[in-house]
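Hello,

Here is the structure I promised to pass on to you. Have a look at it first, and then read on for what turned up.

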Amino acid sequence: FYTRGLAKFGLDELETFRPIGLPSRPVLESLADIAAEILRIGQLPAVGSAIALPELGLTLHVTRHRTTSPAEGSVPFREITWQGA
């Protein structure tokens, strides 16, 4: 699962991996809430660090950074996990 559109605000896109077969709706909703909160804050933590998102009751961990090169140009991603609600 990944976001689209954070790059236009100067932020890396977010991505997360979940096991196949689990419901996707809760993951997509959490990812959208996290993206909105990151936009509000205006920055992402560095790889290996964590940030508390008390408004969501979550702690966000950035586990990896990568860049893809689709036809439109390079897109930076930060892989995230979260704990909490």
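**Around Phe77**

Phe77 is buried, with a relative accessible area of 9%. Please keep in mind as you read that this is a predicted model.

How many aromatic pairs are there by the rule used? The count is one. It is formed by Tyr2 and Phe77, whose ring centres lie 6.0 Å apart with the planes at 90°, so the pair is edge-to-face. Tyr2 belongs to the segment before β1 and Phe77 to strand β4, so the pair ties together parts 75 residues apart in sequence.

**Helix α1**

Now to the helix at residues 25-41. Helix α1 has 17 residues and reaches 24 Å from its first C-alpha to its last, close to the 24 Å expected at 1.5 Å a residue. Which residues of α1 are buried? They are Val27, Leu31, Ile34, Ala35, Glu37 and Ile38. These residues cover an arc of only 165° around the axis, which puts them on the same side of α1. Their cover includes β1 (13-15), β2 (50-53), β3 (58-68) and β4 (75-84). On the face turned away from the buried side, α1 carries the exposed residues Arg25 and Arg40. After α1 comes Gly42, with a positive phi near 90°.

Happy exploring!

Key
Residues numbered from 1 in each chain as written. Predicted model: local features only at pLDDT ≥ 70, side-chain atom pairs only at ≥ 80, totals over all residues. Heavy atoms only, no water. Helix = DSSP H or I, 4+ residues; strand = E, 2+ residues; numbered from the N terminus. Expected span 1.5 Å × (residues − 1). Buried < 20%, exposed > 50% of the residue type's maximum accessible area, 1.4 Å probe, protein only. Arc of directions from axis to C-beta. Contact = heavy atoms within 4.5 Å. Phe/Tyr/Trp six-rings, centres within 6.5 Å; stacked < 30°, edge-to-face > 60°.
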